[in-house]
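Q: Please take a close look at a single helix. Then show me what else is around in the model.

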Amino acid sequence: MSSARILVVDDEALIRWSLSERLTEEGYTVTVAADGETARRLAALDPPSLIFLDYRLPDTTGIELLRHFRSTQPDVPVLLMTGHSSVERAVEAMRQGAYHYAVKPLNLEEIVVLAAKALAEGRLRQEVRALRASNSAPYSFDHIIGESEPMQRVKRLMRKIASTRASTILLTGESGTGKDLAAKAIHYNSNRGDRPFMNITCSAIQESLLESELFGYEKGAFTDAKQRKKGLLEQADSGTVFLDEIGETTPGFQAKLLRFLEEKTFKRVGGVDDVRVDLRVIAATNRDLAADVKAGRFRQDLFYRLAVLPIELPPLRARIGDVPRLLTFFVGRFNEEFRKRIRGVSPDAVQALVDYSWPGNVRELKNAVERAMLLTERDELGVDDFMMVLRPQGGVIGDFALPADGIDLEQVELGFVRQALDRCDGNRTQAARLLSISRDQMRYRVEKFGL
């Protein structure tokens, strides 16, 4: 027997009775209402699992009541009942969020099948919402580590922006400062939090594919386009798109992105019709976009459109007081992941890490703790466990003194390549820039060291 509760709303007593009798036979608990006011009251007192709703009611219309239920109980499927002459209105109701419609006179056997399908979809919606709520928990603003004044200012700003209807946000800051975490926190703490979050790293997609990946394409748009494909923007409709490394895009793509931001529409590759979506766009970059605008590498109009609400993430050296808390957090996280029992970091090591400048920011700190915990054989991390990070103090090669017993030059090179990749989260182009070598030279070293 099913425990599902069904609300039947119709001003015709015979329809209320026949539906109630048939659905009760299937094991459902059925409540009936003859008008909109009664339906609202009953649904508020005992939320239903499914609503059968007549298009014409004495005190309101089915469309108005549908909108009410969609706003108050968005996971509850609504099945509209209408006469033959109102089919077009029923189709419009589906656009407004109705699950389906049934044409009078009703076929009760078809109604039973529709009810089962609608209830299954309703349960799926609830499971998805619960899963998204579970996934969003780590991105609560209270879970973002940072008690320093710079981070408190940033968190206050993010809270304020998340609650607005702002459609474009620009995150800036050095590589490794947590722009991806900030984007997720803004999304999951907004009214879009139960909708899709699409993370797109612009530099990770080949330039020739970026447009078709974001905007989608029509069948026959190019040789391999065997059928229409929805782009990532369309898949994220009503949610948030995070465009990371926006500064790495070309002027041609920037022009198309600007049009989308201005008009909220785009054309699929090879298409002629406009596709409209409702999205919040969060862009991020570690580049100085204002300087890139002056140099002609980034469109000025796009920069101004993105920077309506800018948020600059502070480097770790500007919030160095947060290092001890971050160390505690990462040790706990990797203890769980690696099934270890490291007690923490020794006071001497904490002090040494606080004194370090952290050019790779929080990402470098995270990678340093991960590496130390994988390699240590002790139950407490000490200064020696962080020497790969602490040894290169001084900033340039000329500041290093050659030890009396010499060094292994290949190991030094390996250390710098690995550090550069860590700080850039594996992005070879950015890592090559840090080491002042070409991307091909970086690729050669990655292959050489088997990284």
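A: Start with helix α10, residues 251–263, in this predicted model. The helix has 13 residues. At 1.5 Å a residue, they should span 18 Å.

Next, the side chains. Phe253, Gln254, Leu257, Leu258, Phe260 and Leu261 are buried in α10. Buried here stands for under 20% relative accessible area. Look down the axis of α10: the buried residues fall within an arc of 165°, so they line one face of the helix. An α-helix has 3.6 residues a turn, so residues three or four places apart point the same way. Now go past the end of the helix. Lys264 follows α10, and the phi of Lys264 is positive, near 60°.

Now turn to a sheet. Five strands form an open sheet with parallel pairing, in the order β7-β10-β13-β6-β14. Its edge strands are β7 (197–201) and β14 (310–312), and each pairs on one side only. On average, neighbouring strands of this sheet are turned by 20° against each other, direction ignored.

Look at one pair in that sheet. Strand β6, residues 168–172, runs parallel to β14, and three bridges join the two. Thr172 stands opposite Glu312 in β14. Helix α6 (residues 149–162) packs on the sheet. α6 touches β6, β13 (280–285) and β14, and its direction makes about 155° with that of β14. Helix α7, residues 179–188, lies across β6, β7, β10 (240–244), β13 and β14. α7 runs at about 150° to β6.

Last, go to strand β1, residues 5–9. This strand is mostly covered, with four of its five residues buried. β1 runs parallel to strand β2 (residues 29–33), and five bridges join them. Ile6 stands opposite Val30 in β2. Helix α1, residues 13–25, belongs with these two strands: β1, α1 and β2 make a right-handed β-α-β unit. β1 also pairs with strand β3 (residues 50–54), in the parallel sense, over four bridges. There the bridge partner of Ile6 is Leu50 in β3.

Note on methods: Residues numbered from 1 in each chain as written. Predicted model: local features only at pLDDT ≥ 70, side-chain atom pairs only at ≥ 80, totals over all residues. Heavy atoms only, no water. Pairing = 2+ DSSP bridges. Axes fitted to C-alpha atoms, helices over the stretch in contact; angles between N-to-C directions. Contact = heavy atoms within 4.5 Å. Expected span 1.5 Å × (residues − 1). Buried < 20%, exposed > 50% of the residue type's maximum accessible area, 1.4 Å probe, protein only. Arc of directions from axis to C-beta. Right-handed = clockwise from strand over helix to strand, strands pointing away.
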